Amino acid sequence: MKTVHNKNTPLFPLHFKTLGKALIWGTLTFGMLSCEKDLMLEPENNITQTSFYTTELQISQAVSGVYSAMVNSSSRGGFDVNFYLLASEVRSNNFNAISQNGNRDYYAINRFQDTSSTEEVEILWEDAYQLISYANMILERIDAVPFADSATKEQYRSETRFLRAYAYFELMRNFGKVPLIDHPVTPEEAVSIPRTDLASLYDFVTSEIEASVAGLKNVYDAKNKGRVTKSAAHAMLGRIYLTGNGYPLNNGSYLQKAKSHLDTVIQGEGQFVTFAANYADLFKSANDNKYHVFEIQHINGGLSQGSYLPSYVSPNFGINDPLYNPQGSLFSAAELGVSQSLINAYETGDLRRPLTIKTQFIAQNGQVDNANYFVKFREPGIVLTNRYDWPINFPIIRYEDVLLMYAEVLNAEGNTAAAVPYVNKIRQRAGLTPLSTSISGSDFTTALRRERRVEFAGEGVYWHDLVRWNIAVAVINQAAADLNYNFTITTNDYLYQIPLSQIQVAGYEQNP
């Protein structure tokens, strides 16, 4: 595999919008076997594993390094591009892959032609395990490090446990069974660790986040906004338990656990979480860390901490287009576009649609070009150093998701009338007619699923919803038939193939 084992400590410059500017030194041992010769990274001061992780400051810097693993892990961007755009949003029928570019994987992913050799599959695996390895080293060393304040030590430990568990959850959603590595290991040890069954992974992930809640803060000062909060932990547990309640685990005992954690977040509205009055306010870099429960931090200015995502989902506008930016785009309307199916899912007058999707733009030749594309994460007037320098944070989990998940649980319990106001709160903001409290449970399910699709369009939520509801086979096959695409899927296609490199070095069984 391509992952490298760093015997020395490289210098990682991190510039978080709210965590402050920091030079992060970390002994970032990946704990995975490399097919290539170990890469020796020799920093100027040559800090080693032995001398690092020995002071409170070094632990603080290393924790920031764990956060950074979500920002810009690979050559394609961070978790937002890889886990939520390419592996999730593109996988769903919110996108249509129109033609194939041999340099990109989104055609294969959208048309379900990806294999164990698809580069994006390898990137998902390596990005998540990179974060996990960073976290494992901190958790291995933190107990022996003296802190001026024990609460700060526990906070750092809790943040790290949360982030590690979150990375495992993303691996589980994409690959199913994966190796559970919860401490630093040598390459020789790593190759002998088998894939862990899904129920045990859920137990590990939920217990880790449950244990982290006590050490996290409800709110942070301006310098530290963006760190994991108690609300983020409860919201993530709500998502994980609701996912585990669905396909393929179908653990019915998880429903009440999801409800409890989601309710805890809702009880904090106005104090610990904020519902935005206007949908447009959710996607402005000036409002980062204001409305979302947990988000990936980005900042522009050529600091290698910007977002790649807008360049993937919107065209290379001409200078006369309001969204023009001279740095260009990777997007090609001839290769990948927002589906008409998603556009049709919006009700007439939905204020979210023009803020999410546009169907025309002014091209570089000054002519109007017809194409469907996302604008949710693209801001006019932003000055960039390159097309990977967008400053807007990416929401991993939004408060609106908490509200809609809670409504889903209430409806599953048969309490549809109580669920309706949570959906109507979001519909009212979108300028839509409220649902009736006398709506049937089945009609409410249909309405809720539509609401989730349009509310979170472009955010990588919809594909995982389709899977946990176990309707992805029906939805994707119908979409493919409507477009005359020559493929059908089965539930085997809910998971990606284990990367070929992992099969070769560790002998894992392949997903069917």
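Predicted model: local features only at pLDDT ≥ 70, side-chain atom pairs only at ≥ 80, totals over all residues.

Biologist: OK. Which residues lie nearest the centre of the second largest pocket?

Modeller: Gly176, Leu198, Pro248, Tyr494 and Leu495 do, out of 21 residues that line the second largest pocket. Its volume is about 390 Å³.

Biologist: What's the lining like by class?

Modeller: You get 10 nonpolar, 7 polar and 4 charged residues. At least two lining residues come from each of α5 (150-175), α7 (198-212) and α16 (462-468).

Biologist: Let's switch to α5. At what angle does it pack with α4?

Modeller: About 155 degrees, and the axes of α5 and α4 (residues 119-141) are 9 Å apart. An angle over 145 counts as roughly antiparallel, so that is how α4 and α5 run relative to each other. Their crossing is left-handed. Residues in the contact include Trp125 and Ile132 of α4, and Arg161 and Tyr168 of α5.

Biologist: How many of those contact residues are nonpolar?

Modeller: In the contact of α4 with α5, 15 are nonpolar, with 3 polar and 3 charged.

Biologist: And how does α5 sit against α8, parallel or antiparallel?

Modeller: The angle between α5 and α8 (residues 230-245) is about 25 degrees, with 12 Å between the axes. That makes the two roughly parallel. This crossing is left-handed.

Biologist: Which residues of α5 meet α8?

Modeller: Phe162, Tyr166, Phe169 and Arg173, and on the α8 side Met236 and Ile240 are among the partners.

Notes. Residues numbered from 1 in each chain as written. Heavy atoms only, no water. 1 Å grid on protein atoms, 1.4 Å probe; cavity = no way out; pocket = protein on both sides within 12 Å on 5 of 7 lines; lining within 4 Å. Points joined across faces, edges and corners; volume = space filled by probe spheres on them. Helix = DSSP H or I, 4+ residues; strand = E, 2+ residues; numbered from the N terminus. Nonpolar A, V, L, I, M, F, W, Y, C, P; charged D, E, K, R; others polar. Axes fitted to C-alpha atoms, helices over the stretch in contact; angles between N-to-C directions. Parallel < 35°, antiparallel > 145°, perpendicular 65-115°, else oblique. Left-handed = near helix turned anticlockwise from the far one by under 90°. Contact = heavy atoms within 4.5 Å.
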